Amino acid sequence: MAGLFDEPSVKYARVAVERGVDQFPDGLTYGVPERLLPLNAGQLVTVPLGRGNTPTSAWVLSIRDEAPELAPGKETKQIYEKDRDTIALLPDILDLAIWMSQYYCAPIGPSLSTMLPGPVRQGTGIVTRQLVDLAENPPTDVRITPKQQVVLDTLANLPKHALPIEPSALMKLAGLGSKSPIDKLIAHKQLRCHRVSRIEATWFKQALDARVPQQLTDEQTNVIDAIGATVNTGYSSHLLFGVTGSGKTEIYIRLIQQAIAQGGTALVLVPEISLTPQTAARLMGRFPDKRIAILHSALTKSQRHQQWALVAEGKADIVLGARSAVFAPLQDEQLKIIIVDEEHDHSYKQDNAPRYNGRDVAIRRAWTAKCPIILGSATPSMESWWNATRRNVSTLHKLTKRAPGLTAPSIEVVDMRKERIHGEIGYPILSSRLQTAINQTLATEGQILLLLNRRGFAPWIACASRTCGWMLKCDHCDASMVYHRKKPLEQAGFVRCHHCSTEQRVPKTCPDCSKKVIQLGAGTQRVEAFLRESLQIPSEQISRLDTDTTRKASDLHTTLERFGAGEIRVLLGTQMIAKGLDFPNVKLVGIIDADTAIDLPDFRASERTYQLVSQVCGRCGRGEGSATAIIQTFSPDAPAIILASKTEYETFATNELQFRQNAFVPPACRMARFIIKDNSFERTAVRADSLLARLQSIDAIGMTFSPVAPCVLPRIADRFRFDLTVTSATSQSMQNFLQEARKIIKSGRDVAIDVDPLSML
Ligand code: ADP
Ligand code: ZN
Ligand code: ZN
């Protein structure tokens with residue numbers, strides 16, 4: 001087809017269309033008519049796609065002068081339009097997206113789109129204002145009233161940087177009651193008008209923490225010297241393994257100081273930032289005169305646009321954000337240091353395409369930017385531990401002691417099997433030991449954190465009859481429905497599926513045998529109700545934090561502020577409360593059920609349990625006096641629980657790596673998971689078998705294939721799911737295999753490819 005206006009093509013562009021199917025990994029070539037020049041790689045255009053020439057957004061990958069060689073009878077289509085308003089991707093970011101698309105076998109178009117937040121693309125928050133200034137050559141034949149003269153004098157006395165100024169601000173400065181003298185001056189050309197566009201966003205008050213420790217510990221000094229020496233010496237990777245409360249953040253701050261003193265930018269990634277507000281408060285408090293851009297999903301659209309633009313204009317000294325901040329529009333040469341805090345955290349992994357891990361993309365960025373990267377954790381991921389202790393591709397730095405002024409909590413394990421109440425079914429929510437400790441802590445004015453990693457009121461609704469066995473399941477998923485109360489103290493409730501969000505009323509009787517239905521197990525709502533009934537403190541001193549209570553980022557801020565001020569004395573929550581909280585008056589941490597991850601059919605079950613238990617226990621002992629952590633479990637002999645209670649990470653990690661090696665699972669090998677989805681069980685099974693056969697036909701050595709099987713959750717939202725995993729000894733052999741696989745398998749709605757998967761459900 002010739003171009004829309006029958007114009008000749010003067011150049012040719014390779015573009016990636018924005019579609020969720022990995023159909024054209026290398027892009028498509030289109031002609032560029034003269035009127036669209038200049039056109040650069042990284043720009044967004046609209047191209048005709050398919051037989052119907054549907055206008056489709058696409059990213060320009062590269063431009064060249066020569067026409068492509070075509071099969072006889074075929075013609076090159078032309079780009080329709082270019083998107084002028086959008087900021088183009090930087091060349092380094094374009095390269096990063098192309099790498100990411102290859103490494104994670106993700107469609108190229110969406111990988112590129114991931115680099116540019118929606119609000120930037122849409123231009124959200126851009127406001128154009130009229131500002132005024134003194135005219136350079138004002139007409140002299142105009143009569144100036146006394147009020148107008150005040151305006152002119154005020155302007156003349158303002159410092160240069162304050163000009164041009166908003167009319168309303170000028171009105172105030174000149175002490176005027178109305179704007180009309182200013183309007184008259186504009187009309188008489190005594191004042192000049194400027195139209196200025198900027199991105200405006202309102203911010204909620206961010207608490208700052210500017211405290212500086214009097215003296216660094218020897219361990220801290222050693223680490224700062226060792227890593228500091230690598231700033232400006234090219235790529236290097238460091239694992240900072242420091243027990244909770246050992247002062248890792250202080251190390252980050254000192255290293256950032258060094259890096260930005262060289263005129264560069266520091267990139268700091270934290271797990272979901274709205275969950276780690278204290279880290280943000282400390283960074284912002286310690287760099288009051290530096291420009292810090294904050295990027296995370298809880299910002300408003302205008303805020304995101306504004307912060308992104310700050311980075312893109314080269315004005316940020318520090319970029320602080322969650323997972324996707326790894327794509328901040330920084331040029332490689334600008335980047336001087338990258339820090340990934342709590343590097344083990346699973347929120348760094350995105351669970352839809354492109355299924356990237358922010359930590360690993362950050363390592364890639366450090367490598368191309370030739371700068372040091374620091375991965376910090378009290379409970380490093382097995383991958384990072386392996387890299388530092390077995391592969392020697394990363395340097396291990398240790399902080400073995402807590403910072404001065406902090407004490408290690410004494411940790412106790414309670415065997416819940418011995419807590420059975422006589423004559424009753426089931427087990428109490430609180431063991432007698434935890435109950436006593438709560439009362440004691442409340443009596444001595446301490447604060448308490450309680451963890452239960454399960455939302456809702458009751459995780460199961462079942463028939464009261466022992467012989468019936470009926471349980472309420474989601475109509476659309478192979479999962480039980482979770483009972484939620486509408487309000488904490490209200491009896492009426494509903495059930496919700498945590499996989500597809502379907503909700504329904506709870507049946508009063510069992511549909512199979514008409515007996516009564518009962519609620520089994522406890523989620524955070526039930527524990528909250530129990531605490532309100534049983535504790536002898538005013539109800540407003542008890543609060544709950546989970547994704548049901550924190551729909552807005554400000555909810556979380558408010559609760560944490562109230563906890564910090566001592567207004568809340570018992571804070572109950574899901575893993576949200578396990579991350580980075582630093583409150584000195586927490587004297588007791590209770591883990592209501594340490595077993596929520598332990599039995600998952602996932603080779604990382606033990607690692608997750610260790611991390612969760614250890615991280616929550618680390619939230620106490622951050623002030624004066626002693627502190628206690630109590631772990632309730634039905635598996636008191638599980639190594640993860642025993643070792644977490646003794647803070648013996650290295651023993652745990654050594655044993656765990658041995659197990660991973662014996663089982664040949666990551667990090668002892670590389671893994672990719674293929675998930676096949678379809679509308680019927682049989683069809684899904686057949687398609688999964690055929691996918692395996694095709695994968696096995698690829699000419700690649702050293703690949704191991706698992707059998708095809710239904711997923712642990714075989715059906716979600718009426719889609720049946722099968723999976724298979726492929727493993728190989730090295731990343732290189734895995735990549736060779738995947739690039740071949742990508743030519744014959746189109747990932748999209750029906751086949752998901754997850755490279756380096758974290759979830760096996
Ligand atoms: P981590 O990130 O390793 O859990 P933090 O950086 O949060 O530890 O430090 C824990 C607490 O100890 C913080 O309140 C911090 O201000 C304080 N701290 C850090 N280093 C020192 C030091 N050298 N002397 C005294 N206090 C310190
Ligand atoms: Zn469901
Ligand atoms: Zn029944």
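Visitor: Which geometry does the site of the zinc ion (ligand 2) have, given the angles among its four donor atoms?

Guide: In this predicted model, the zinc ion (ligand 2) is coordinated by the SG atoms of Cys474, Cys477, Cys497 and Cys500, at 2.2 to 2.4 Å. The angles among these four donor atoms run from 105 to 113°. Four donors count as tetrahedral if all angles lie between 85 and 135 degrees, and the site of the zinc ion (ligand 2) is accordingly tetrahedral.

Visitor: What spacing do the donors of the zinc ion (ligand 2) follow along the chain, and how many residues apart are Cys474 and Cys500?

Guide: Along the chain, the donors follow the spacing C-x2-C-x19-C-x2-C. Cys474 lies in the loop between β17 (460–463) and β18 (482–485), while Cys500 lies in the loop between β19 (493–496) and β20 (503–505), so that the pair links distant parts of the chain, 26 residues apart.

Visitor: Is Cys474 buried or exposed?

Guide: Buried means under 20% relative accessible area. Cys500, at 23%, counts as partly exposed, whereas Cys474, because its relative accessible area is 4%, is buried.

Visitor: Which residue's side chain is joined to that of Ser237 by a polar contact?

Guide: Ser237 has its place in strand β8 (residues 236–242) and, at 8% relative accessibility, counts as buried. Leaving aside neighbours within four places in sequence, Ser237 is in contact with Ile373, Val393, Ser394 and Thr395. The polar contact from the side chain of Ser237, at 3.3 Å, is with the side chain of Ser394.

Methods
Residues numbered from 1 in each chain as written. Chains lettered and ligands numbered in written order. Predicted model: local features only at pLDDT ≥ 70, side-chain atom pairs only at ≥ 80, totals over all residues. Heavy atoms only, no water. Donors = N, O, S within 2.8 Å, 3.2 Å for Na, K, Ca; no water. Tetrahedral: all angles 85-135°; square planar, octahedral: opposite > 155°, others 65-115°. Helix = DSSP H or I, 4+ residues; strand = E, 2+ residues; numbered from the N terminus. Buried < 20%, exposed > 50% of the residue type's maximum accessible area, 1.4 Å probe, protein only. Polar contact = N/O pair within 3.5 Å; in protein donor to acceptor, adjacent residues only side chain to side chain. Contact = heavy atoms within 4.5 Å.
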